[in-house]
Every structure is written in C-alpha cells, then in structure tokens.
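This briefing concerns the salt bridges of one protein model. Which residues pair, and where do their side chains lie?

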Amino acid sequence: MSSSPDTVAREVRRRRTFAIISHPDAGKSTMTEALALHARMISEAGAVHGKAGRKATVSDWMEMEKARGISVSSTALQFNYTPTGLGNDDPDDDVEAAYAGSAGERVDEPHVINLVDTPGHADFSEDTYRVLTAVDAAVMLIDAAKGLEPQTLKLFQVCRHRGIPVITVINKWDRPGQTPLELIDEISERIGLTPTPLYVPVGIAGDFRGLLDRRSGTYIKFSRTAGGAKIAPEELLDAQRAAATEGDAWTAAVEESELLSEMGQDHDQEMFLAGETSPMIFTSAMLNFGVRQLLEALVELAPAPAGRADVDGTVREVTDPFSAVVFKVQAGMDSSHRDRLAYMRIVSGEFERGMVVTHAQTGRPFATKYAQAVFGRDRSTVDTAYPGDVVGLVNATALAPGDTLYDGPRVEFPPIGSFAPEHFATLRARSAGKYKQFRKAMDQLESEGVVQVLRNNTRGDASPVLAAVGPMQFEVVTARMLAEFTVETDLEPLGYSLARRTDDTSSPELDRQRGVEVFTRTDGALLALFSDKWRLQFIEKEHPDLTLEPLVAAAD
Ligand code: GDP
C-alpha cells in the first residue's frame, strides 16, 4: 500500500538532492569521502587521500555491493545527516562532543542527502550534463589556487540554463592560493554569479585556521587530525577570544566580511534560489575542514525536491502518485551478462520496489522488481524511495534518457534535450558484410543516448556522423560496437567544431556555403555544422536572415 501524501510530504521536506560540479583534481572525490565521513557512513577517510587511497575505499564498496548482489556503480550516494547544531550549543564543544551530546536528544528526523555523481574527466560526456537534470542544487567545487577552470564553467552554464541554485566551495584552502576577494571577483566577472560567502576563512590560503561565521560573527577554529582521516574537531570562540587567539588573521577576516557586507554580498535566500547569488564556503576536503559547514548549508539553504512541469506545462506535484524521469542509461557494466541499468530520479509519490508502473513513451507496463539503490549500503532503501531519490532499474532495455515512468494518472515530462555537440566524426563498419549489425548497433547506442547521430543524403547511411559533447563518447561507441556487436569500425574525425540549429528554409543556402554542412539528427532537428566560429560569424554577417540558433550550450 502506498503511503499517504503526508508521509510523502514529510519525506520530501527532509531530502536534498545535489551534484558536485568541478574540474578534475579540484577534490570532488576527496570531498565525497569527507561528506560520507561526516555523515558517519564511514568511520575513517582513506589514510592517504590520493587517488590510490581513495580507489581502495571505492572498491571496498564495490566488493561489498557485489557480495550483496546489488549494483556496482557510484551513480548516487545516499546518506542520512543530522545537523549537529554546533554554533547554537556550548561554544566549548568540539564536533565530536557535539555529535555525542546531541545523539538521542534531537527529535528531528535526520536529513536524507542524495549526492548524484557526475562522471569525472575520463568519462566527460553528455552523461555529465544529463546528471544535472536529476538534481535540485549543485556544489561548484573550485581549487583555491586555480580558480575557475573550463569544465567548471561548462557545467555551471548548464546549471544556469536549468535554473539550478549553486553553492560555491573554495577547496584546498590549506594550500597556497588566491585571496578570497580575487576568487570572488573572478566568479562575479566571468560567470555573472555573485558569491555571498557564508564564512570567511581565518588565515590566508595555505594557513587555514578556521572560519569566521558571518551570520553570527563567531569563530570556528579547526584542529587537524592525523592524516585528515577523522572529522576535524571544532572549537567555537566569540569574537573577543578569536581576536586574542588569532590576532591579525582574525582582524583581516573581520575586515573582509565587513567589506563584503558593504558590497551587498550577504546571503539572500531568494536571490540564491533565483540563481543570482551563490553562498560560498571555504574548505579543505583533505583535512575535513569546512565540510560540516557545507552539509549544514545544503540542509538549510538548498531546496527540497519540488514538482515538475509535464509536456503540457501542468505540474506533477511531489505528493501526486508516483512518477520519475530516467536521466541515465548504462550498459555493459557486467561483462558476464550484458545488463542495462536505467537510473531514474523520482519526481512524485512513493516508489515501492515491485510496483508495476507505466513507461509513458511506449504505454507499456514496466515491472520494477529489480530496482536497486545504486550506492546502497542499506538494503531497505531499495524497497521504498521518495521524490529526489535515485533508483537503478536492471535490464531496462526499453528505457532511454528523458523517458517518464508513472503510476496513476498519465504524465510525460519534457525530453531532457541534447546538448551542443563540439566533436564530430564519421563512423563506418570496416567490413561491408557487417553493415546490418552496424545499423542495429548504431540504433541501440543512439537510443541509449551514448552519442548523437546525424545523417544527410550526401553521406548516406553507411557512414553516419557521430556528434558528441566529449570525444570520450566516440571511444565508448567503438568499444561497444566491438564488444557487444562484434563490429570493427573506423572512426574518422570531421573538421567541424560547432553546431547550430537551423530550419528547412535556411538549409539550402547553408549547404551552398563553404565549410558548412547540414544534417538531420534522429530527433528530426536540422543541424548546421561549422568548421569554426569565424566561419559561423562570417556567414551570419553575410546572411543575417538565416536561422542559426545556438543549442543548449556549454561556454565557449
Ligand atoms: P577529483 O579529481 O576532483 O575527484 O579530485 P581528488 O579528490 O582526486 O583530488 C585531487 C588531488 O587533490 C588529490 O591528490 C587530493 O589528495 C588532493 N586534494 C583534494 N582536496 C584537497 C584539499 O582540500 N587540500 C589539499 N592540499 N589537497 C587536496
């Protein structure tokens, strides 16, 4: 039996679903581990926080998951978190004491945090963008020394396009880097997002002592633990004691905070939710400094899951009967048998494993007997799930990214949309005798959203053009063609670097231009490909009447 709307509403209120967006090496994995540590999911962070140490932790999970027969993937990490309330409690408590002291006393239910993984650099692809359709907030993790980096920028553009509120985290503050004001300026100027620091670091980058809590004016002083393996103890000091303890470093932090207030850079919840401002926190994921503050910000400021508009614009409210959107499909993860996992984000209602739902795109029933909590350590989370949660469905051959599943009144959510491809290549079967398998494989991979496929009459069907957000997508295609369909293929990069959406009226003229070619994508969209932006600009100038619309794009 399904729970009442009241139960669903209560579950929704305590949920937060977010993703970390960052450039490779900014510390996403280390931060994920630090969050798990603070949520008491693990008792110790990897003794060495380097890649090797972390891999050990992750593979332990995998082994465990394998042993329990659940999925081997890190698509979503779910954990409970009970705010410790430190800051309102006894200033002399360190965080350990705060945890111990508050356990059992708090009547509030813990929060349920869903951290949806964005694939790292190695898998950089359209998948990364699709993940952002499944979250309600994003944490933009920035390396203090490097500032904004290309991948962060791209992902941020997607957040902006989708109206996802962003919390900014300046990580690695324990290492030399830029000043807070330099980083703030860079973010304001380059992406037009106004950072509103919740805390100002005490001590320059490389000398991370603690955080000035701008809302209370108090000082949270951190202590290191051996190897940064444990939660860093915190000490709460009032301004006077902070000044006595930290001297100039405290004065500098106070001045910075005042300057920010004068510039109007104090947190404003409405502006944050509107995507105008971004609460900012300084952390060292490696030392576990500032991690609790990040969790508190997520719980306090990030929005709980909300209803979603369907194709007709009618909102499916979170308390309505079950509905979900598939945002990612992953195949061939288990080499012994070719399984296909579809990940859905629940939009409304209660999900119970075993319920038979409807696949909106085909109208067919879909049995959910094999639903999995994908990073689940706790089997019970598999059986019931609520809006904001991510559930993996095994052998979901009919499901593609963007598809809707529902129970009760019919609903279909708008498609996720394809992202602007920047890499183009032709693909053909090495042996003409394999053409039939090649076609079949192409259809299959395309339906999974592995790559976009473009065709035109000139090139014909034997060598379609693949279009991708990241070149890694091509490698996935050729590898899977071989492994799953035994088709050897030849991939040839094409000299185009950007695409614009056009229409039937404009395409004949575009086809006549040098350095331009028009294609039909499988969804019916007409795409004009250009060798480079100068070619595009030239054509736009010469033929201002042509339809050339940017696609959902990444930053230039
Ligand atoms: P990812 O590629 O974003 O997942 O980054 P990782 O978490 O793998 O971190 C990249 C490197 O930066 C690793 O060597 C980490 O140990 C290191 N690192 C991550 N966070 C911090 C931090 O807060 N301080 C310092 N000093 N190093 C960090």
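A salt bridge is counted here when a side-chain nitrogen of Lys or Arg lies within 4 Å of a carboxyl oxygen of Asp or Glu. In this predicted model, a search of the whole structure finds 26 salt bridges.

- K172 and D143 form a salt bridge through their side chains, with an N to O distance of 3.4 Å.
- This pair connects distant parts of the chain, the two residues being 29 residues apart.
- K172 lies in the loop between β5 (166-171) and α7 (180-191), whereas D143 belongs to strand β4 (residues 137-143).
- Both K172 and D143 are buried.

**A pair within a helix**
- E509 and R512 form a salt bridge in which the closest N and O atoms are 3.0 Å apart.
- Because E509 and R512 are three residues apart in helix α15 (residues 507-512), about one helical turn separates them.
- E509 is partly exposed, at 22% relative accessibility, while R512 is exposed, with a relative accessible area of 60%.

- The salt bridge between D523 and R521 brings their closest N and O atoms to 2.9 Å apart.
- D523 has 51% relative accessibility and therefore counts as exposed, the cut-off being over 50%.
- R521 has a relative accessible area of 5% and is therefore buried, a class that requires a value under 20%.

Definitions and conventions. Residues numbered from 1 in each chain as written. Predicted model: local features only at pLDDT ≥ 70, side-chain atom pairs only at ≥ 80, totals over all residues. Heavy atoms only, no water. Helix = DSSP H or I, 4+ residues; strand = E, 2+ residues; numbered from the N terminus. Buried < 20%, exposed > 50% of the residue type's maximum accessible area, 1.4 Å probe, protein only.
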